[in-house]
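The paragraphs below go through the model chain by chain. Please keep the structure open while reading.

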Amino acid sequence: MTNIDVLEDKKDKLIAKRYSKEKRFILFGRLAISLTIIFLTILLGSIVLRGISGFTTTTITFDVNLDKKLIDPESTNDKKIISSARWRKITRDSIYNVLNEINLVMNGEVLSKAEQKSLVRLFSRSSEYQIKDIVMDDLSLIGKTINVTLPAASEVDQFLKGRIDQSLPEDDRPLNNIQISWIKHMVDNDMINRTFNSNLFTKGDSRNAEEAGILGALMGSFFALLICLLISFPLGVMASVYLEEFAPKNRLTDVIEVNINNLAAVPSIVFGLLGLAIFLNVFNLPRSSPLAGGLVLALMTLPTIIISSRAAIKAVPPSIREAAMGLGASKMQSVTHHVLPLAMPGMLTGTIIGLAQALGETAPLLMMGMVAFIVDVPQSITDPATVLPAQIFLWSDQPERGFEEKTAAAIMVLLGFLLTMNALAVFLRNKFERKW
Amino acid sequence: MFDISLYFIFLLGLSSYYIGKNRAKKNINLITETGGLESHYGMYLVIWTILPAFIFYLIWSVISNYLIKEATLGSIPNDLLPNNLSMQKLFLDSIIVVAKGGSSLSKVPEISVAFYQNFAFYSTLGKSISTISISLISFFIFYKKIDSNVRAKNFLERIILVFLFISSIIAIMTTVGIILSLIVETTKFFQDVTIFEYFFGLLWSPQMALREGQVAAEGSFGAVPVFAGTFLITIIAMALAGPVGLFSAIYLSEYASKNTRKIVKPTIEVLAGVPTVVYGFFAALVVGPFIRRTSESFGLASSSESALAAGLVMGIMIIPFISSLSDDVINSVPQSLREASFGVGATKSETIKKVIIPAALPGIVAAFMLAISRAIGETMIVVMAAGLSAKLTANPLDSVTTVTVQIVTLLVGDHEFDSTKTMAAFALGMTLFAITLILNIYAIRVVKKYREKYD
Amino acid sequence: MIKEQTKLDIDNVDVFYGKKQAIFNVDLEIKKNQVTAFIGPSGCGKSTLLRCFNRMNDLIDICKVSGSILLDSVNILDKKLDLVRLRTKVGMVFQKPNPFPKSIYDNVAYGPKIHGLCEDISELDEVVEKSLKSAGLWNEVKDRLNEPGTGISGGQQQRLCIARAIATNPDVILMDEPCSALDPIATARVEELMQELKKNYTIIVVTHNMQQAARVSEKTAFFHLGHLIEFGNTEEIFTSPNEIKTQDYITGRFG
């Protein structure tokens, strides 16, 4: 009679060894999982840490003296004359006066040229245009002194966010000692404030970090996705209906299937080359336009939509088709009346996922000229435009510190959109999922 | 572009639906005939009213668009015609701009402008008249035809089927388009640079200044360093993603409890949904500087655009790819094999190593090949985090360049389209396409066979 | 006649799948070197009980087993019990032949290899040959040991699985409807094999086929809806069952 707990010594050792191997193996598995999750955390964490401050910005509130002599000495009220006034001088004079406002400089004391330059650098380069715009909107302001709140220069913003290392030698940092002391005084006097960065969502691109926004890129992405959806969804659905329901089993069908599977795995940049050679150089579509970009994205998204739509059609049980055909419906009627409506949620889910991929795509659009410095917000599908990921790419290349947080903030916006789209897809799937 | 004839046929088409329906109501006893419903006859007439006219309209547009350019070019007085082909194209463009009422900097001959305007006027007139007439004629012919001999439903279904078929052909047309556009430029490239130099040359320096009149081949187009860089980064990426992805998949499918799986799997898949430009940003601004600081603290010289940074981040990007593909494969190994192995007293890890992995091997290999193909074709990470200069090195801390980086740098910005530089980008694209195609087709085939085996 | 020794003593066993109870309070003694057959309509829990004997049910998360099953006086339901050792002692043959996608040789050698039962290759060769011979397969496959185990006929595959199970030298062999996927000739071979094997092993076989149970087993247990209805010598069960249900089932009135 053998007792299974009483085995020879040798076997015990062997089994112990096997169990330690087992433990090691599990450890590797846990390690792999934790490593992946750590990577994800670092990736998202580093972006949020950098980007969250990009949603706020620093403004300076100060008095601007709208000297009638400098703007419209002859009281013409002619917008043409006013628009070509010496706005830079008006702005600068008011800026030079800022230090008087906070009693940092005695009345009448004149700043040196170097000090003037340092002071002006604290304000956004766009200040003069913004002041001009304010006046152009309300000509009655001419001759008055108005209190305005304008964005500070990006360096001031970065300094207040603690991104400028004060321990560096003066020459190596973007702000010198006197500028820093002025900033501190202005903060003490409530002239400098931190507010929500509305420029980020209401403006196009700019060379000045404090002025740059993603509205142009968002519109570009919207137009490109619209084109992509309008083309790839109907084509994808029709192609999948053909392949699942009507295609005869022959060589051509096989070739189409292999093709679709393979297209799904072709590097995106190759689609960019296709777009460049065919859409831009043969069809002469406008370069940098959402139209051309959207077409390339449509070709890229098509396989994804076809594959998921086919899965959705396949999931509709044959009994439904048989029931329809048993009542005398034609094959086409059974498909359009029964199979398509039942498969539609699955097809929509696949389409949303495909669009989310297209929204994050950059490489092929580089080839289509959709990475360019474009200030104006595009109004139509043929205007030159850039897309959100391309904007991120452009900004990430800017040496100016202020762009780093803008880049990360733009990434957060992009991820937000992707998250919403994927959540919508999951919602659709869960809501309409049917078990047959 | 949208002229009156299109509106006309659209309106006629709309009304023909009701006209067709009415005629069917009058002429056909729909209860005894099986030709279809009234609405089918309506649609039948709509299609015949619109489709032939519209196709005719498109063909006329394409042909006249081509003819008008050729003819206008012929109308330019000889002494004004530039002899360079691309200059001719530019000149023609400015004539067209002027003819459409714009202004152009260069002086254009009046006679050609007038010629173009005339041509355009008569062409559009002819197009409109014939489109409208075709639409009307076809409307009347098929209006008369509506009787019980016409099977409108069958006709409609056949038309729909044709459209369905055309949609599914788009995939083939895309592939053909890719191959054509790559081949055309690549053949041009190999007229300037020998195939031997491209595949075996050790120096890649297309940025070499090409002054006017200089022979194009003087830029150096030996692609070996570019391939080597791509290879190095791919190896680094796979060295990270291979084991991590595979072990994650094994752990999730064989060990993890249902709840762990429910949470961890979607978490890993988040990585797959992150756009590559975000990985690029991460590589360039976080991982790159970190690696440089770390290696410098060990006294190692490191480039801020090291192959290691780009490779590791690419590896992170590929982890979910490998793990979800392997997960599928491992899950499709039949449960009976696991039971058999447990039945003779094997531990889980023994079962995995000796039974499941060998059984799933073809599928896992295919997953790895798809992952490699993705790594080779990945663009944004390397554009943002890898270097531009083509160096032949195996040092992961050094900066290397890749095929995709070169394609982007050669094509982004203002270039003359037919220079050797731009054609070189297409040659690289062709190489990339060929390699990934082989990997993909092989992998897809293996996966398909594998599925058939166990399904 | 040798006195019948008890190999497995099943006492008060309940099995739950989540909230659903699959086995109700079963008491049973399996005797050494005999074939015991479990019969009953499908879904009666006979396979579930069988899978308790080598704790195969542990693979199913929601499955809970209570009570005690003593194998040579050791409770195999003990949480601390080493499953690896248990399964070397209690081998199993499954409903559908499931050879590994490896060579015939490797299929049989798999168990001895992972358990380190053999010192060297020649010893392993011997074990493989012995097991294949015991499974009556040796003559058919001795020339193609390196061919894949999935390439032989279904009946041969099932005998290969039996050879694989006995290669680790178990005490008990569990057979879960081993012939349900086989043709009559292959079935006859496997049944003959059981008669051979019971000299050295204790065999428990789950079967749908009552003739088979009658042919091969000494003892028969009849289950219905998770309850053990009747257990006794096969002859008695088939000729004069005590319970009406058993009689109805055996005579084909239900099931």
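Two strands pair if DSSP finds at least two bridges between them. Helices (H or I, at least four residues) and strands (E, at least two) are DSSP runs, numbered from the N terminus. This is a predicted model, in which local features need pLDDT of at least 70 and side-chain atom pairs count only at pLDDT 80 or more, while totals for chains, interfaces and linings use all residues. Residues are numbered from 1 along each chain as its sequence is written, and chains are lettered from A and ligands numbered from 1 in the order in which they are written.

In chain C, C:Ala37 stands opposite C:Thr220 in E9(C). Strand E3 (residues 35–39) and strand E9 (residues 219–224) of chain C run parallel and are joined by four bridges. Both belong to an open sheet of six strands with mixed pairing, in the order E6-E7-E8-E3-E9-E10 (chain C). At the edges of the sheet are strand E6 (90–93) and strand E10 (227–233) of chain C; each has a single partner strand, so one side of each is left without a neighbour in the sheet. From one strand to the next, the twist averages 15°.

Two packed helices are described by the angle between their axes and the distance between the axes. Axes are lines fitted to C-alpha atoms, for helices over the stretch in contact, and angles run from 0 to 180 degrees between N-to-C directions. For helix H11 (residues 335–343) and helix H12 (residues 348–377) of chain B, the axes come within 10 Å and cross at roughly 155°. H11(B) is therefore roughly antiparallel to H12(B) (the term applies to angles over 145 degrees). On the H11(B) side, the contact (C-beta atoms, placed from the backbone, within 7 Å) is made by B:Leu337, B:Arg338, B:Ser341 and B:Phe342. H12(B) contributes B:Thr351, B:Val355, B:Ile356 and B:Ala359.

Chain B also meets chain A: 68 residues of chain B are in contact with 64 residues of chain A. Helix H5 (residues 152–192) of chain B gives the most to the side of chain B that touches chain A, with 19 residues.

Chain A itself has 18 helices and three strands. Its radius of gyration, taken over C-alpha atoms, is 31 Å, well over the 22 Å that the globule rule (2.2 Å times the number of residues to the power 0.38) gives for 436 residues, so chain A is more spread out than a compact globule. The C-alpha trace of chain A spans about 105 × 75 × 40 Å along its principal axes.

Key
Angles under 35 degrees count as roughly parallel, over 145 as roughly antiparallel, 65 to 115 as roughly perpendicular and the rest as oblique. Two residues are in contact if their C-beta atoms, placed from the backbone, lie within 7 Å.
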